[in-house]
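Work through the exercises below with the structure in view. Try each task before you read its solution.

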Amino acid sequence: MPDLPKKKVGLIACSGEEMPEGTVTRRAVRKVLETLRPDDTVTLCLPLFLAGGEGERAFAKCYPTIAVDGCDKRCAARATEKYSAKPVASIVVTDIAKERGCGAIGTARRLNERGLRLADAVAEKIVQETDRQLKKKPGECAGKAPGGKC
Amino acid sequence: MKRKIAVVPCSGIGKSLGAAAREAAYVLTEDLRPEKTKVVALSLLVMGDEEARRGVEGGEAIAIDGCKLECAAKGLASAGASKVHKVAIFDCIRRHRGLKPEGVCDLNEDGLKLARAAAHEAAKIVDDLDEEGHHA
């Protein structure tokens with residue numbers, strides 16, 4: 001049997017520097033990458049992706065990607081679709097914040113406690129989508145399931 | 001009324017230097033020169049968001065990049081900035097040997113020091129532009 005590369009999911013955060021939800025995308029994606037699903041995910045750098053990074057674009061053409069956007073402008077999702085392929089999932093932080101009844105979540109520079117909890121919830125959502133792509137059984141995910149209040 | 005100078009940090013999510021670029025932009029626009037500068041999101045700019053482009057087009061701007069690929073500088077140039085002043089974190093760290101920045105979401109103290117150093121370099125650019133009246 002040939003040694004095929006392991007299937008991984010690419011995570012693309014919008015990182016929007018102007019708004020706290022952009023910071024939430026970064027924190028959530030890093031948490032999945034570093035702690036929750038380190039063996040199953042990689043991050044793709046959105047600016048590099050946009051600036052013509054061949055490695056980034058090639059990965060997104062061949063592997064499933066999850067776009068994580070701060071707002072409904074969906075820069076990460078649109079960029080991925082435009083330059084490579086449609087993401088298998090598109091997560092929008094403001095949607096999750098609305099579902100959870102979040103209030104103010106701090107600033108782009110410093111999230112408050114609610115912002116940090118929102119990032120955890122977004123991370124869990126990313127994990128769900130990642131597992132769905134990799135067909136993992138439920139229950140392997142650490143931490144609380146999303147859906148609670150901020 | 002003078003338009004604020006657009007400051008665009010790279011959005012690098014993989015390395016500490018990208019995080020330092022982002023932090024430097026906040027230090028500059030919130031602590032050092034809040035009246036004269038504003039952060040513009042790179043992703044919005046490059047995806048053609050009209051409001052983001054209006055804040056950049058025809059004016060001088062500052063790019064703070066974490067790596068040599070200079071995505072922020074390229075993004076500003078393609079969005080129509082008349083001149084892009086570059087602050088390179090990867091050069092800045094050479095001028096501050098001994099700093100070992102770590103972390104992405106939470107930079108360590110060396111990462112924050114590096115960000116402050118880069119922000120001061122950017123503030124000097126703002127002051128020079130202000131003297132010349134170039135960002136009006």
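**Exercise 1.** What percentage of the 136 residues of chain B count as buried?

*Solution.* Bear in mind that this is a predicted model. A residue counts as buried if 20 or more other C-beta atoms lie within 10 Å of its own. In chain B, 54% of the 136 residues count as buried.

**Exercise 2.** List the elements of chain B in order, and say how compact the chain is.

*Solution.* Step one: count. Chain B has six helices and four strands. Step two: follow the chain. From the N terminus on, the order is β-α-β-α-α-β-α-β-α-α. Step three: check the radius of gyration. For chain B it is 14 Å, close to the 14 Å from the globule rule for 136 residues, so the chain is as compact as a globular protein of that length. Step four: look at the extent. Along the principal axes, the C-alpha atoms of chain B fill a box of roughly 40 × 30 × 20 Å. Step five: turn to the contacts. Of those in chain B with a separation of 6 or more, 63% join residues 24 or more positions apart.

**Exercise 3.** Why is strand β1 of chain B described as largely enclosed by the rest of the structure?

*Solution.* Take the strand, residues 5-9 of chain B. Five of its five residues are buried, so β1(B) is largely enclosed by the rest of the structure.

**Exercise 4.** Which strands pair with β1(B), and in which sense?

*Solution.* Start with β2(B), residues 37-39. It pairs with β1(B) in the parallel sense, over three bridges. Here B:Ala6 stands opposite B:Lys38. Between these two strands, the chain passes through helix α1(B), residues 16-32, and this β-α-β crossover is right-handed. Next take β3(B), residues 60-65. Its pairing with β1(B) is also parallel, over four bridges. Here B:Pro9 stands opposite B:Ile64.

**Exercise 5.** How many residues does each chain give to the contact between chains A and B, and which element of chain A gives the largest share of its side?

*Solution.* Chain A gives 24 residues and chain B gives 26. On the chain A side, α1 (20-36), α2 (46-50) and α4 (75-83) each give two or more residues. The largest share, five residues, comes from α1(A). By type, the chain A side divides into twelve nonpolar, four polar and eight charged residues.

Methods. Residues numbered from 1 in each chain as written. Chains lettered and ligands numbered in written order. Predicted model: local features only at pLDDT ≥ 70, side-chain atom pairs only at ≥ 80, totals over all residues. Buried ≥ 20, exposed ≤ 12 C-beta atoms within 10 Å, placed from the backbone. Pairing = 2+ DSSP bridges. Right-handed = clockwise from strand over helix to strand, strands pointing away. Rg over C-alpha atoms; globule rule 2.2 N^0.38 Å. Contact = placed C-beta atoms within 7 Å. Nonpolar A, V, L, I, M, F, W, Y, C, P; charged D, E, K, R; others polar.
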